Amino acid sequence: MNPIRIGYGYDTHRLVENRKLILGGVEIPHAKGLLGHSDADVLLHAICDALLGALNLRDIGFHFPDTDPQYHQADSRIFVRDTFKLLQDRGYELGNLDCTIIAEKPKINPHIPAMQTVIAELLQAEEDQISIKATTHEKTDATGREESMVAQCVALVVKRGFWN
C-alpha cells in the first residue's frame, strides 16, 4: 500500500425534536437532535468514512450497520475508536483531518475546541491535526431550513514512521 493515502467522508442526518444533539462527540445544547440508529453524530460518521475510504475499507454502514441492534443508540466515539484500530492494524496513523459541518443552527464555532479535543484523543493525535470548520447553506435547502445537518471530512493517513 502507498505510504500516503487520502479519504473523503460525508454524512447527513435529519434534525428532530426529543433527541440530544451530539457533534464531534460533544453534546451541544439545541432544541433538536440528529435522528439515526446510533447517536447520529454526523461529524464522527464522516470522519469514519474518510478514514475507511483512505484505506479502501468500504464505509461506516458496512462496518457498523444500522440493522445491527448492538449499534442502537450507540455512542459514535466507539465507531471512531474501532475504525482507528483498523487503521493501526494496517500500519497507518493519522496525518490530519479537514472537516466541515454544515448547519444553520446552533452556532457551531463555540464548540469546535471541545470537538477537536475529543477527536484528537480518539485518534491519538494532536489537536492541530484536527481541523473543523462550520458553515451554513444560507436557507437554500433542507439543511438551510434546519431540517438536517451535514458533515464532510477529508483524511490524510500515513504509514507509521513515514515522517521519521
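## Salt bridges

Asp75 and Arg77 form a salt bridge, with their closest N and O atoms 2.5 Å apart. A salt bridge here is a side-chain nitrogen of Lys or Arg within 4 Å of a carboxyl oxygen of Asp or Glu. The model is predicted: local features need pLDDT of at least 70, side-chain atom pairs count only at pLDDT 80 or more, and totals for chains, interfaces and linings use all residues. Residues are numbered from 1 along each chain as its sequence is written, and side-chain values use heavy atoms, with hydrogens and water left out.

How many salt bridges does this rule give? The count is six. Among them is the pair Asp82 and Arg81, at 2.9 Å from N to O. Another joins Glu147 to Arg145, with the closest N and O atoms 3.0 Å apart.

The scale is simple: buried means under 20% relative accessible area, exposed means over 50%, and partly exposed lies in between (1.4 Å probe, protein chains only). Arg77 is partly exposed at 36%.

Asp82 is partly exposed too, at 27%. Glu147 is partly exposed at 37%.

## Asp41, a buried charge

Asp41 sits in the loop between strand 4 (32-34) and helix 1 (42-54). Helices (H or I, at least four residues) and strands (E, at least two) are DSSP runs, numbered from the N terminus. Asp41 is buried, yet has no salt bridge. The nearest side chain of opposite charge is Arg77, 7.1 Å away. For charge, Lys and Arg count as positive and Asp and Glu as negative; His and the chain ends are not counted.

What lies around Asp41? Leaving out residues up to four places away in sequence, Asp41 touches Ile22, Leu23, Gly24, Gly25 and Ser76. Touching means heavy atoms within 4.5 Å. A polar atom of the Asp41 side chain lies 2.8 Å from the backbone nitrogen of Gly25. The backbone nitrogen of Leu44 lies 3.0 Å from a polar atom of that side chain.

## Strand pairing

Strand 1 (residues 4-17) pairs with strand 7 (residues 148-159) in the antiparallel sense, over 11 bridges. Two strands pair if DSSP finds at least two bridges between them. Ile4 has Val158 as its bridge partner in strand 7.

Strand 1 also runs antiparallel to strand 4, joined by three bridges. Here the bridge partner of Leu15 is Leu34.

Technical notes:
A polar contact is a pair of N or O atoms within 3.5 Å; within protein, one must be able to donate a hydrogen and the other to accept it, and residues adjacent in sequence count only if both atoms are side-chain atoms.
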